[in-house]
Amino acid sequence: FYNLPRRRQPLNNISGGKAGKSRYKIQVGEVQNLYKTSKPSAMANNTSLHLPSLDLHGYKRHEALAKLDESLKVWVETAMQGSYPFVQPAEIVCGCGNQILSETVQDWIRSNSKVSNAPKVRPSRRMML
């Protein structure tokens, strides 16, 4: 038998570290088209230069949920006034505190059919050369 060395755990998997994200990029809009816009470039024609953003720093959980629901109405209305596929990107900033807001936002995204996480942007091959 060989005496193999133990594999070291990566530093980011140490318990006690912060979980969650400090900001969420999302897509909001018509349910049947929400997951059809898989590429950020597909939404480029439907967005202005300014990405709608909601900053939840300092909010309590119930206040954040009320603000998220209020903003959702505006974002969906704006998406529906745009062009096909009637989907608009937005950003939610919740900060790095104790992660209560991050968990609240994550659960809110999962519970709303008109909201999805935005697709990941990958660098193009041309940019890598």
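## Basis of the model

The structure is a predicted model, in which local features need pLDDT of at least 70 and side-chain atom pairs count only at pLDDT 80 or more, whereas totals for chains, interfaces and linings use all residues. Residues are numbered from 1 along each chain as its sequence is written, and side-chain values use heavy atoms, with hydrogens and water left out.

## Overall organisation

The chain contains four helices and four strands, arranged along the sequence in the pattern β-α-β-α-β-α-β-α. Helices (H or I, at least four residues) and strands (E, at least two) are DSSP runs, numbered from the N terminus.

Of the 129 residues in the chain, 32% are buried; buried denotes under 20% relative accessible area, exposed over 50%, and partly exposed in between (1.4 Å probe, protein chains only). Among contacts (heavy atoms within 4.5 Å) with a separation of 6 or more, 81% join residues 24 or more positions apart. The accessible surface of the chain is about 9900 Å², with 54% belonging to carbon and sulfur atoms; accessible areas come from the Shrake-Rupley method with a 1.4 Å probe, and for residues only the protein chains shown count as cover.

## Helix 2

Helix 2 comprises 21 residues (61-81), which should span 30 Å at 1.5 Å a residue; its end C-alpha atoms are 30 Å apart, in agreement with this value. The expected span is 1.5 Å times one less than the number of residues.

Ala 64, Leu 68, Ser 71, Leu 72, Trp 75, Val 76 and Ala 79 are the buried residues of this helix. Viewed down the helix axis, the buried residues of helix 2 fall within an arc of 145 degrees, so they line one face; the arc is that of the directions from the helix axis to the C-beta atoms. They pack against strand 1 (23-29), strand 2 (53-55), strand 3 (87-93), helix 3 (100-111) and strand 4 (115-117). On the other side of helix 2, His 62, Lys 73, Glu 77 and Gln 81 are exposed.

Val 28 lies in strand 1 and is buried, with a relative accessible area of 0%. Residues up to four places away in sequence aside, Val 28 touches several residues, including Leu 72, Trp 75, Val 76 and Ala 79.

Lys 60 is located in the loop between strand 2 and helix 2 and is exposed, at 53% relative accessibility. The C-alpha atoms of Lys 60 and Leu 101 are separated by 7.8 Å, although these residues are 41 residues apart along the chain.
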